[in-house]
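Hi there,

Here is the structure I promised to pass on. Have a look at it first, and then read on for what turned up.

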Amino acid sequence: MVDTNQKEFRKRDLLYVVPLWLLSLILPDPHLDHLRKESRFRRRDLFYLGGLLLLPLMWPDTHLHHLMVLAGINAILALGLSLFLGYAGQISLGHAAFFGIGVYTTAILTTRYGFPTFVAFWASALVSAALAYLIGKPILKLKGYFLALATLGFGEIFLVIVRESHSLTGGVIGIFGIPWFSLAGFSFDTYLKQYYLTWGVLIGLLLFSKNLIRSKIGRAFLAVATSEDAASTVGIKVAQIKLGAFVIGAAFAGFAGSLFACVMSTANPETFGLNLSVLIIMMVILGGMGNLYGPIAGAIFLTWLVDILGKYQEYSLPIYGLILILLLISFPDGIGTRLNIRLIYLISYFGRKKRREKAEL
Amino acid sequence: MTPWAYIPQLFSAGITIGAIYALVGLGFVTIARASQIINFAQGEFVMLGAMITFFLLKGGGLPYPLAALVAVILVVIIGFLLHITVLYPLRKASIPILLMATLGASIFISNTTALVFGTLPRTLPAFLGNQPLQIGGIFIVPQSLFVLGATFLLLISLYLLSHRTLLGKAMEASSTDPLGADLLGISRNLMVFLAFGVSAGMGAIAGIFITPIFYTSYHAGTLIGLKGFVAAVLGGWGKNSGAILGGFVLGVVESLSIAFIPSGYKDAVAFVILLLILYFRPKGILGSPFIDSRRW
């Protein structure tokens, strides 16, 4: 995957060397990956986990907590899509629709029928996954642009249905007063509690995905992404594998939607448009496809970026579009990947040499 | 009155909007014939053509034909710029990246338009007044006839361009076999560059002709662009005649649907048709030169 001439140091890299030097200390080392035992819990993971636990306590700022809750929800979405886009190599522009289905399932079950939120949480994922199965079965035989277009069409149809079926979804006004997430009498009613809830769910799903990628099914995802023809010759059922990735991604989106409904306590169709789908795909691309930590980093980065841009009101969307294009042009295979290849290679070359020698012993 | 009584009227309205889908679809096909790129910012060219004309007319005080001409030229320049700044640097990127880049460009163009020209919906004066003509039991705005005429002329000139000139042959060659075209000295990048200009110009013309009938605003481009793409897929992806046929079929079906289902669902009709056509006949009504060979 790594093109050799990308390793060369270029003068313009100096522009971002200094602020990113610290990052290089904690980012994964691409040259050690194949030597490491995959299942081992690494020091880096402990670092991330500790950082996550301490972050809201170190900055007791409610806006930051809320932002991190949203980032966590986006990260769940991006993680689900990364299984489909990054590992199975298929494009979906309708991922926001499954998020919307999760939000509306929770909203309707809790406000209309009085189900507990915990039940609605699982029901959202189930409904999303079931719909993904029904939708995916016919359209996943498409490829590339046509798959993107078909999923986009599904997203638009979903939006129109939500807007028009007033009796069920409240139309453009939406549904209000969704209760906080609660589990065994404990209600997640502050941003701080929601932060731990969201990131707890995210870590659970991350562990699930990590194990999934190492399983037979996960290896099949990678095979399908590399070459469908080659995968089918070794006995992988390509259609089933793609459908599986799609359904799992949708279930993740259902979980995220349910959390979102409980956090925002409203459901509104404007939230689940094409813009959200674009944002999720950008998170996966910028984080680096075929990497599970990447989408999470991408989600935090883009949520933060959208929040910062929100301050510039009418200028925010043009700047947002511009930044998306610039990021795509300068980091087409993800910010992390480029950092690994250029920066870490450059800066921690000697340190890593020692570590590599150690690992090889 | 039963819904059936409205059908002739809705049919004529569908033909008009179908002509616009056809023009937008042609824009997609022009770019796809020169490269494998699908430019999701195509709808923004339609919106830009109308918006720039409006402001040259109202703000600049230019006469109508001159304003329209200047607007088309400006949009063609924007199309060229889009290729140079976004798609040329990404010429070796994979499909998801290209898709995101054109969507990002679409977000940028539409929201910059809102910033520069304001968020109010705009309309242009009709070319020859708004007095509807009555033909049989149907009322037709004269502008509809202009739209049809423009579609017809553009189709003919595009046909001549792609089948009767060396440039068109070169575009076709670089699309069919990029490596072979390179070896013959055809610059693939130049072909894509020119295709962007042509499709931007067609989008702008479509925008100028349609806006006297339908209002335009900064966010109108996305939906028109998507429906134009649906039209191109419906008729047969990669064929000019397919885009035209698909545009008219889509316009008429969408328009007739108003008689039978609530009008709020109108925007979903195009996408339901899309899912059906992609499922049952992905190569479209007329068949596609691309789908089978490249396995898209």
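This is a predicted model: local features need pLDDT of at least 70, side-chain atom pairs count only at pLDDT 80 or more; totals for chains, interfaces and linings use all residues.

A salt bridge here is a side-chain nitrogen of Lys or Arg within 4 Å of a carboxyl oxygen of Asp or Glu.

What do the two chains bury between them? Chain A and chain B bury about 3,800 Å², and 84% of that is on carbon and sulfur atoms. On the chain A side, Tyr145(A), Phe146(A) and Leu149(A) lose the most area to chain B, together making up 23% of what that side buries. In terms of contacts, 41 residues of chain A touch 43 residues of chain B.

Back to salt bridges: searching the whole structure gives one over all chains. Lys227(B) pairs with Glu254(B), and their closest N and O atoms are 3.1 Å apart. This pair links distant parts of the chain, 27 residues apart: Lys227(B) sits in helix α9 (residues 220–235) of chain B, and Glu254(B) in helix α10 (residues 240–260) of chain B.

There is also a helix pair to look at within chain A. Helix α3 (residues 62–87) of chain A packs against helix α8 (residues 191–214) of chain A at an angle of about 15 degrees, and their axes are 8 Å apart. Because angles under 35 degrees count as roughly parallel, α3(A) is roughly parallel to α8(A). The contact of α3(A) with α8(A) has 19 nonpolar, seven polar and no charged residues. The crossing of α3(A) past α8(A) is left-handed.

Best wishes

Methods: Residues are numbered from 1 along each chain as its sequence is written. Chains are lettered from A and ligands numbered from 1 in the order in which they are written. Side-chain values use heavy atoms; hydrogens and water are left out. Axes are lines fitted to C-alpha atoms, for helices over the stretch in contact, and angles run from 0 to 180 degrees between N-to-C directions. Helices (H or I, at least four residues) and strands (E, at least two) are DSSP runs, numbered from the N terminus. Angles under 35 degrees count as roughly parallel, over 145 as roughly antiparallel, 65 to 115 as roughly perpendicular and the rest as oblique. A crossing is left-handed if the near helix is turned anticlockwise from the far one by less than a right angle, and right-handed if clockwise. Ala, Val, Leu, Ile, Met, Phe, Trp, Tyr, Cys and Pro count as nonpolar, Asp, Glu, Lys and Arg as charged, and the others, Gly among them, as polar. Contact means heavy atoms within 4.5 Å. Buried area is the accessible area (1.4 Å probe) that two parts lose on being put together, summed over both.
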